[in-house]
Amino acid sequence: MSQRKLATILVLADYHTFCSWQHAIYIVNPSRAPEERGDMLTTPVNKGHEAMAYLTYIVDNYNSGIPSIVSFLHAHRSGFFEAWHVDTPLHDNVIAMRNLRLDYVKQNGYVNLRCNWNPGCKKTSRVNGHINGEVWHEIFGNTSTPGFEQDGSAAVPGISSPEDGEKMLYMKMRIWTPCCAQFAVSKEQIYARPLEDYLKFRQWVVDTEKDDAASGRVMEYLWHIIFGKEAV
Amino acid sequence: MKCGVRIIKPVIWLVLLVTTAVLLLVLEDKCETYDPLAYIEASIPWSKSAHYSEPAPYNVGQHDKIIVVAALEEQDVSWIPDDLPE
């Protein structure tokens, strides 16, 4: 084999390696019995929409090693109505992934795959109807989230005195983010929280009285905070 | 009778005006969300934004990476291994 041909093959091999994506596809509603599922990835329960799968991936792989970049996506590829929240011109997740700026994800830690502010970041969403102080406390209390004491007593951001606490618990909060829970995160950003935090977030999804859609919507508005960004 | 018509006419106009304004607001909101013009433009085969067949240069780097997807069993997720292969 000529030197040049070998070099070409090596370059192509490298190119393939760098372009390739590993996959972790979680089926949230498996109909087969556990012993018949083979290597199918599943979630403990079907609740919280995509949040259950995202958190289960982190929990399951936290100790064994998470790749440099993790893209959390919905299952649909494209479609004007079905995938409207994908920001590429054809609402196509393949295009989005092929054009993802990996270095930017590494540098920023968390990148929402939707840049369009509507819905989620418009004036009409000034007050977030899905998250109040109580929900905030339930999810972030006793986690490593800045602002919380070890026992979770420091509760809601903005509380200046203990007597304000009760009132603030029921206040709706200013949390904005472009919608739809598709984002990329660096390994370092995931490891910025201990495993216990992710276990607690997932347990909240399981335990909350909110239904599948409502609990998923709450998490949709919290991913950027979970991964180190400001609330707005 | 004439007096009644004189009152009804502006009321009808007002209702039409308000309805149109609301419809325009909804339409504006939907256009902003769905971005139909960009979608149509990208659907035209010879448009600049129509083809992204290869990964962009900045998408290729020394990073191992994974796609995590939540799917219902009945959903077709074959596009993931087909178009974003390992």
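**Cores, a helix and a pocket**

A: Of the 42 residues in the largest nonpolar core, those touching the most other members are A:Tyr57, A:Tyr198, A:Met219, A:Leu222, A:Trp223 and A:Phe227. A nonpolar core here is a set of buried Ala, Val, Leu, Ile, Met, Phe, Trp, Tyr and Cys residues joined through side-chain atoms within 4.5 Å, and buried means under 20% relative accessible area (1.4 Å probe, protein chains only). Helix H2 (residues 50-61) of chain A gives the largest share of this core, eight residues. Helices (H or I, at least four residues) and strands (E, at least two) are DSSP runs, numbered from the N terminus.

Q: Before we go on, what should I know about the model and its numbering?
A: This is a predicted model, where local features need pLDDT of at least 70 and side-chain atom pairs count only at pLDDT 80 or more, while totals for chains, interfaces and linings use all residues. Residues are numbered from 1 along each chain as its sequence is written, chains are lettered from A and ligands numbered from 1 in the order in which they are written, and side-chain values use heavy atoms, with hydrogens and water left out.

Q: Okay, what is A:Tyr198 in contact with?
A: Leaving aside neighbours within four places in sequence, its contacts (heavy atoms within 4.5 Å) include A:Leu55, A:Ile58, A:Val59, A:Tyr62 and A:Phe227.

Q: Which residues of H8(A) are buried?
A: A:Tyr198 is one of them, along with A:Leu195, A:Asp197, A:Phe201, A:Arg202, A:Trp204 and A:Val205. The cover over these buried residues includes H2, helix H5 (133-140) and helix H9 (212-220) of chain A.

Q: New topic: what's the volume of the largest pocket?
A: About 500 Å³. Of its 22 lining residues, A:His49, A:Glu50, A:His74, A:His76 and A:His85 are the closest to the centre. A pocket is an open set of points on a 1 Å grid over the protein atoms alone, where a 1.4 Å probe fits, with protein on both sides within 12 Å along at least five of seven lines; lining residues have an atom within 4 Å of a point. The volume is the space filled by probe spheres set on the points, which are joined across faces, edges and corners.

Q: Which element gives the largest share of that lining?
A: H9(A), with four residues.

Q: And B:Ala71, buried or exposed?
A: B:Ala71 is buried, because its relative accessible area is 1%. B:Ala71 lies in strand E1 of chain B, and among the residues it touches are A:Ile25, A:Tyr26 and B:Val77.

Terms used
Buried < 20%, exposed > 50% of the residue type's maximum accessible area, 1.4 Å probe, protein only.
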